[in-house]
Amino acid sequence: MLHSLYLDHRLWLNGWLRRRLGCPHSADDLTQDAFVQVMGSRDLLRLEQPRAFLTTIAKRLLFNHYRRQDVERAYLEALAALPAAEQPSEEVRAIAMETLLELARLLEDLPLPVRQAFLYAQLDGLPYAEIAERLGISLATVKRYLAKAAQRCYFAELHE
């Protein structure tokens with residue numbers, strides 16, 4: 001089943017991804033990632049609309065791809081603002097990038113103000129009062145938001 005699905009739809013999916021990405025290498029990578037996800041799917045045996053199924057997987061992969069690019073871009077901009085003497089090593093950069101991507105994944109389905117409050121507190125080190133002012137919310141709401149985000153991170157760590 002998987003073999004025929006791959007043979008019948010790989011080129012179509014790759015073309016679909018190339019049109020959206022404009023990069024053949026990224027399209028190739030995401031095409032392979034999509035079929036790796038298909039391998040783990042329980043729906044494979046009763047698949048009636050393979051292109052719709054593959055499109056759904058590919059859209060999720062595209063979303064993650066773009067999110068990763070956004071996080072990487074923001075991190076590189078922050079690094080560029082640092083003086084040369086304060087630039088982290090390549091190893092530290094890689095660890096920081098993976099941490100930022102994991103944080104983005106954990107927080108992605110929280111409401112935007114909750115994510116913003118968490119990032120202001122954790123990355124920018126802002127005090128609660130300043131976070132409240134920036135977001136136009138009460139101090140109690142800041143505390144509630146930060147507790148919600150911290151809870152998400154804590155319970156995600158327990159389930160790994």
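Predicted model: local features only at pLDDT ≥ 70, side-chain atom pairs only at ≥ 80, totals over all residues.
Me: Where does T55 sit, and is T55 buried or exposed?

Reply: A residue counts as buried when its relative accessible area is under 20%. T55 has 15% relative accessibility, so T55 counts as buried. T55 belongs to helix α3, which covers residues 50-80.

Me: Which residues is T55 in contact with, leaving aside its neighbours within four places in sequence?

Reply: With those neighbours set aside, the contacts of T55 are W12 and W16. Helix α1 covers residues 2-21.

Me: How many salt bridges are there?

Reply: The test is a side-chain nitrogen of Lys or Arg within 4 Å of a carboxyl oxygen of Asp or Glu. By that rule the model has eight salt bridges. One of them joins the side chains of D28 and R18, at 3.3 Å from N to O. This pair links distant parts of the chain, with D28 in helix α2 (residues 24-39) and R18 in helix α1. The two residues are 10 apart.

Me: How should I read the accessibility of D28 and R18?

Reply: Values between the buried and exposed limits, under 20% and over 50%, are called partly exposed. D28 has 31% relative accessibility and therefore counts as partly exposed. R18, with a relative accessible area of 38%, is partly exposed.

Me: Which helices does the pair E98 and R68 tie together?

Reply: The side chains of E98 and R68 form a salt bridge with an N to O distance of 3.6 Å. E98 lies in helix α4 (residues 90-107) and R68 in helix α3, so the bridge ties together parts that are 30 residues apart in sequence. E98 is partly exposed at 46% relative accessibility, and R68 is partly exposed at 35%.

Me: What separates R105 and E102 in helix α4?

Reply: R105 and E102 are three residues apart in helix α4, which means about one helical turn separates them. Their side chains meet in a salt bridge at 2.4 Å, N to O. For accessibility, R105 stands at 37% and counts as partly exposed. E102 has a relative accessible area of 28% and is partly exposed.

Conventions. Residues numbered from 1 in each chain as written. Heavy atoms only, no water. Helix = DSSP H or I, 4+ residues; strand = E, 2+ residues; numbered from the N terminus. Buried < 20%, exposed > 50% of the residue type's maximum accessible area, 1.4 Å probe, protein only. Contact = heavy atoms within 4.5 Å.
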